[in-house]
Amino acid sequence: MGPGLRIFGWVFILLLLWSCEQAADLGLDTPEPRLVVIGVFAPEEGLKVEVSSTRSALADATTTYLLNARVELFQGNALIERLEPADVQAGRTPFYISKNFRPIAGTEYVLKVQAPGFKPVEAQSAAPVLVRLNTAEAALVGRKPSEESGMDDCTYEFRIGFQDPAQQKNYYHAHFYLFTQPETGNNGNTSGGQPEVRRVIFGNGLNTNYQIAHYDGGLLLDDQPFGGKYHTLRIPVTLRMRNDQQAPTTMVAELRSLSPEYFQFYSAVNRQRGNPGLPFAEPVILFSNVKNGAGVFAGYHAHFLGAAVQY
Amino acid sequence: MNRKCLFFLLAAVLPIALHSQAILDRRIDEVFNHVALEAALYRLIDKYEAPLVFSNDALPSKDIYVSFRSTPLREVLQYLLQDTGLEFAWVQDRILIRRNAPKPAPVMRTISGYLEDAATGERLVSGTVWIPALQTGTVSNDFGFFSLPVPPGILTLEAAFIGYQHQVLPFEVRKDTFVQIRLERSLVLDEVLVTDLDSSLFSKDHGAIYLNPLQNAYLPQLGGTSDLLRTVHLLPGVQTGADGVGGFFVRGGNAGHNLVLIDGAPVYNYQHAGGIWSVFNPETVKSAKFLRSEFPARYGGRLSSVLDVRNRDGNDQALQASADIGLSVFSAHAEGPLVKGKSAFLVAYRRSLLNWFLRPYSRDYKASNGETGESQYQFYDLNAKLRWTLSERDQLAASFYSGRDVFDNTGTRTDTFNFREAGRQYSFNLFQGYREELDWRNTAQSLRWTRVLHPRLFMHTLATFSRLRVHAGISTRDTLFFFQPQAAVIANWRLGEYLSQIQDLGFRTDLEWSVEKGGTLRAGLSVNRHLFQPGVLAFDDEDEAASGTAIALDFRDFRAWSASAFAERERPFGRDWRLDYGMHLSSWQVDGKTFGALEPRLALYRQMSARSQLRFSLTRMVQYQHLLSGADVGLPTDLWAPATAKAPPASVWQASAGMDIGLGPRISASLDSYYKAFSRLAAYSEGVSFLDDWERNITVGEGAAYGWDLLLTKSGERLSAWTSYSLSWAWRQFPLINQGEAFPFKFDRRHDLKLAVLYNAGKRIVFSGTWGYATGLAVSLPVDAFTVTFNGVPGGPVTVIDFGPKNSSRLPAHHRLDLGMSIRLDPLWGLQQSLRLGVYNVYNRRNPLYFKIKSDLAIENGRLVERKSLVGVQLLPVLPSLSYALRW
């Protein structure tokens with residue numbers, strides 16, 4: 001290769017490497033901060049609403065929670081209750097809470113929030129009719145010693161069964177909790193502690209179009225594959241247990257029947273969080289039913305059923 | 001009849017015949033200027049004693065404006081009586097003008113044969129065969145064959161092909177005639193440099209666009225190598241990502257909606273380096289046909305376009321070789337006869353040279369960023385062809401293509417952080433390591449047999465094999481070594497191994513029947529066996545890694561059969577009309593389920609003048625393979641998946657109308673409008689990557705595209721130029737993307753303008769330039785962010801980013817200027833040599849490939865903070881290019 005060609009080559013590569021990344025100047029307008037409202041409710045529970053504001057996607061992750069907002073709940077045009085800021089411990093997320101409100105399934109509620117410096121927002125939702133769990137089971141299907149001394153890896157299949165209501169679209173959030181009682185002493189008395197509670201958490205690898213792992217536990221389900229039929233959800237779970245385990249453990253299943261807003265918002269949030277972060281990945285678009293703002297106001301209806309865990 | 005009788009008969013008739021001959025040969029010098037036909041005939045009687053007999057009532061009213069100079073009376077009468085329904089005949093010493101007597105239709109004969117390059121024996125695709133006296137002609141097919149029904153007699157046939165000398169051949173046609181017409185090259189002063197630009201980069205034939213490989217070589221080059229696909233990018237209605245990355249997108253279609261063929265075999269990944277170069281070696285390409293709307297029924301299987309590339313068959317007359325070295329690519333080729341005039345071979349090889357520079361520079365670049373490691377990338381491709389002429393009417397050809405790309409990127413980095421927070425001192429080392437491997441291999445093979453079964457019947461039989469293998473390996477490892485406040489180690493790693501394959505084995509046979517002047521009937525059958533093997537071999541992510549388990553997924557294979565049949569008719573009618581109609585029947589069998597589709601094709605043409613044409617078409621195309629892209633830009637890891645019950649075959653209806661107009665002797669314009677309605681498009685659901693099981697993570701939706709395409713061309717001896725402009729819209733709607741709402745397709749570019757110029761500055765130098773401007777891609781950029789905590793479920797708050805509706809933002813407009821220059825050097829030791837210089841992206845436009853949010857950790861005021869920025873990732877800045885070619 002002659003010197004001229006070599007120089008061309010160096011220049012070529014120098015420029016190639018120089019090209020990689022550059023801070024963007026897209027001329028995009030910085031959007032005005034919007035109110036963010038996160039509020040979910042269920043019959044027999046009150047309503048808690050977090051009110052914060054949006055921030056730049058490039059800013060540090062400090063969230064501004066608003067405690068001077070006017071948070072009101074309506075049924076139609078009738079004011080049901082004005083929510084007040086709750087007393088929370090330092091470091092905890094501040095929120096507004098209802099004192100008297102007990103939602104009724106199937107009733108549409110409207111949440112209106114105003115705060116100085118922001119456009120007022122409103123959202124509406126209803127808690128769906130309860131879908132009851134018919135069966136709950138924690139069946140031991142395999143057991144083998146683990147690499148950890150004195151411990152076994154126990155494979156279970158957690159099963160819950162329920163009748164999906166026909167002729168309507170339904171969404172669910174299935175949770176599994178394990179309650180393990182403290183060990184009893186030789187005299188038969190318990191050690192006196194609180195039961196240990198563990199949640200079953202699923203990885204994003206289980207995600208499909210109609211099943212999304214919730215980052216805080218459980219699975220979000222769309223009834224598309226089993227719409228209108230009796231459905232048994234089977235979850236393989238591996239638990240590491242002491243091989244002389246005596247303390248009784250109970251699996252408690254929670255089945256939340258969801259409003260569409262609940263499902264769409266949290267499935268998008270969880271998909272975005274579970275996005276593998278590959279450099280070219282398409283972003284996940286969020287859902288919001290909060291007009292002029294962001295977040296969600298959504299109802300659900302929960303039913304619980306427990307079953308003993310075999311050893 | 002005995003010989004005496006014959007003599008007396010001849011003796012009686014011959015004087016009469018000679019007498020009539022003499023009168024009809026009488027020379028006429030006359031000017032008719034606004035003269036009625038009757039008056040013109042009387043003038044011939046009066047002035048030239050023409051013994052004309054006619055009935056005044058039978059003469060139509062017709063004014064004559066013509067001058068004759070020493071023209072035989074016969075031709076004068078032929079001219080005056082044309083289009084009158086009258087004829088003349090010699091009857092009893094008189095020339096009787098009478099109504100045309102019905103004549104029996106002449107028994108038609110057929111001139112058929114091949115159009116070939118005289119120097120190499122290559123058969124020429126889409127060459128013109130024309131008989132001026134009959135005002136009829138035809139075009140050679142994809143294999144150089146032509147067939148033309150003609151009446152018996154003496155005819156003059158003209159053959160022409162771009163870049164070749166026009167040839168005139170006199171024929172006496174008494175019976176069906178088979179000819180091999182060998183054309184001499186005219187535009188090539190030597191084998192390296194074309195110095196006459198009197199031909200266009202594109203030529204059009206009833207909606208098909210033929211790319212000119214000779215002209216293509218003179219366009220500005222990237223890294224010193226020309227590329228056919230870059231010429232495709234210049235066409236209206238064709239779009240691509242920055243620097244060609246991601247493939248090409250035709251009239252709102254996806255990259256996977258293009259049927260790309262090499263010698264009839266489909267190519268599933270037609271790109272090197274993600275699209276910067278294509279798999280087409282410019283040394284081997286003989287012809288390239290591009291279709292985007294008026295699809296003949298013989299094509300099927302894709303929704304948006306067909307790029308049908310035929311490689312050269314090899315020189316059967318003489319040995320020929322070349323070598324070409326540029327900054328980025330080395331190529332060499334050889335071809336020659338095995339048996340002179342009977343069989344030939346062709347071998348061509350290309351290899352990238354980027355590693356010469358990339359490896360040392362990537363090491364230095366990473367070192368400057370505190371990393372150790374290097375990047376490597378290279379590709380090669382090999383084309384080979386053998387052909388045998390078994391007989392005058394039979395030819396066998398075997399074509400082989402294989403190409404491979406290999407990318408490897410490794411790096412490690414160690415950072416030390418010390419900071420105080422809440423009165424405590426924190427110290428830790430962060431070790432980050434990664435390795436990314438990606439390689440893909442393409443194979444396309446075909447065995448072709450062509451046979452002229454009858455002067456009007458041509459058979460083409462093809463066996464094909466195609467395969468695409470993609471392998472990706474990913475490993476990343478982040479380890480935190482804490483020293484203070486207490487020693488600890490936190491390690492996360494991610495390992496992945498991914499392999500996918502698609503493989504086709506096919507057989508097809510087509511028949512082509514020349515029914516009448518300019519009219520053809522084609523029919524054919526094909527059957528294909530398909531194998532799809534998408535799979536993640538093993539994948540660990542940080543969650544599983546923490547508990548020491550790994551997911552080992554092995555997605556199932558699919559075996560599918562497809563079969564199709566077609567019939568199509570090109571039928572001229574009236575003086576200026578042609579109707580092309582046909583039906584493509586297709587079927588697909590997978591998982592015990594069979595899909596079938598009728599795909600009607602209809603195109604109507606009206607020839608307004610020699611260079612002006614109107615076109616209308618309505619077509620339906622069905623595609624049984626989906627290209628699923630888990631990325632914002634097209635990557636080799638995009639997965640070819642079969643149509644199944646969960647992802648039914650996609651289809652599109654396209655209606656288009658257009659016109660070609662000759663604006664001047666060498667200037668023409670083409671304007672087309674179209675509307676496309678896509679159904680059952682498949683895509684990954686939102687938030688899914690290629691590592692997920694595609695069957696459980698796809699969503700099926702719809703799309704629409706519409707717009708206008710304009711193409712202006714000018715050809716000339718010195719200057720050739722082309723301009724294309726598209727005004728278009730493209731939409732998509734999927735239930736599981738963008739919350740089910742319709743959104744703009746990424747390539748929904750409102751404006752797309754392209755210019756290309758070639759200027760011949762003399763016998764040695766050709767300058768070239770291209771410039772393109774396009775509306776920025778539709779993308780989803782972050783609008784803002786907020787925090788989500790969960791009510792009733794304990795857990796930490798998470799930050800989510802709101803991108804607004806999908807693709808509601810626009811990247812900056814894309815534009816780029818490329819310049820090139822080709823110089824013919826004096827021969828070296830008898831070898832022809834040339835030099836090509838170029839500058840890519842002359843004014844260094846930073847066209848972003850994509851945008852991302854980049855996070856960096858930094859110590860700010862003694863605190864560890866995360867800094868985020870939106871960065872555009874650009875690929876190619878201003879780049880000089882240089883290549884040197886030798887040919888012998």
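Two strands are said to pair if DSSP finds at least two bridges between them. In this predicted model, B:Ala705 of chain B has B:Ala730, in strand 42, as its bridge partner. Strand 41 and strand 42 (residues 719-733) of chain B run antiparallel and are joined by 13 bridges. These two strands of chain B form a hairpin, with 4 residues between them.

Strand 41 (residues 698-714) of chain B also pairs with strand 40 of chain B, in the antiparallel sense and over 16 bridges. Within this pairing, B:Trp708 of strand 41 is the bridge partner of B:Ser673. Strands of a sheet pair through backbone hydrogen bonds, in either a parallel or an antiparallel manner.

## Chain B as a whole

Chain B contains 7 helices and 54 strands. Of its 888 residues, 56% count as buried. Among contacts in chain B between residues at least 6 apart in sequence, 64% join residues that are at least 24 apart.

## A three-stranded open sheet

Chain B includes an open sheet of 3 strands with mixed pairing, in the order 9-6-12. Its edge strands are strand 9 (145-150) and strand 12 (177-183) of chain B, each of which pairs on one side only. Neighbouring strands of this sheet are turned against each other by 25° on average, direction ignored.

Strand 6 (residues 109-117) of chain B pairs with strand 12 of chain B in the parallel sense, over 7 bridges. One position in strand 12 of chain B is B:Val179, the bridge partner of B:Gly113.

## Packing of helices 2 and 3

In chain B, the axes of helix 2 (residues 37-48) and helix 3 (residues 73-81) come within 11 Å and cross at roughly 170°. Because angles over 145 degrees count as roughly antiparallel, helix 2 of chain B is roughly antiparallel to helix 3 of chain B.

Helix 2 of chain B contributes B:Leu37, B:Ala40, B:Leu41 and B:Leu44 to the contact, while helix 3 of chain B contributes B:Leu73, B:Val76, B:Leu77 and B:Leu80. By class, the contact between these helices of chain B has 8 nonpolar residues, no polar residues and no charged residues.

## Nonpolar cores

The largest nonpolar core has 55 residues. Those with the most contacts inside this core are B:Leu211, B:Val232, B:Phe248, B:Tyr270, B:Phe280, B:Phe290 and B:Leu307. Elements of chain B that each supply at least two residues of this core include strand 14 (208-211), helix 5 (228-233), strand 22 (305-311) and strand 40 (667-684).

Not counting residues up to four places away in sequence, B:Leu307 touches several residues, among them B:Leu211, B:Val232, B:Phe280 and B:Phe290. The residues touched by B:Leu307 also include B:Lys289. Another core, of 29 residues, lies apart from the largest one and includes A:Ala138, A:Ala213, A:Leu255 and A:Ala307.

B:Phe465 is found in strand 30 (residues 457-484) of chain B. Its relative accessibility is 18%, so B:Phe465 counts as buried, the cut-off being under 20%.

Leaving aside neighbours within four places in sequence, B:Phe465 is in contact with B:Ala265, B:Thr443, B:Ala444, B:Gln445, B:Gln503, B:Asp504 and B:Leu505. B:Phe465 and B:Tyr581 are 116 residues apart in sequence and, from C-alpha to C-alpha, 30 Å apart in space.

Note on methods
Residues are numbered from 1 along each chain as its sequence is written. Chains are lettered from A and ligands numbered from 1 in the order in which they are written. This is a predicted model: local features need pLDDT of at least 70, side-chain atom pairs count only at pLDDT 80 or more; totals for chains, interfaces and linings use all residues. Side-chain values use heavy atoms; hydrogens and water are left out. Axes are lines fitted to C-alpha atoms, for helices over the stretch in contact, and angles run from 0 to 180 degrees between N-to-C directions. Angles under 35 degrees count as roughly parallel, over 145 as roughly antiparallel, 65 to 115 as roughly perpendicular and the rest as oblique. Contact means heavy atoms within 4.5 Å. Ala, Val, Leu, Ile, Met, Phe, Trp, Tyr, Cys and Pro count as nonpolar, Asp, Glu, Lys and Arg as charged, and the others, Gly among them, as polar. A nonpolar core is a set of buried Ala, Val, Leu, Ile, Met, Phe, Trp, Tyr and Cys residues joined through side-chain atoms within 4.5 Å. Buried means under 20% relative accessible area, exposed over 50%, partly exposed in between (1.4 Å probe, protein chains only).
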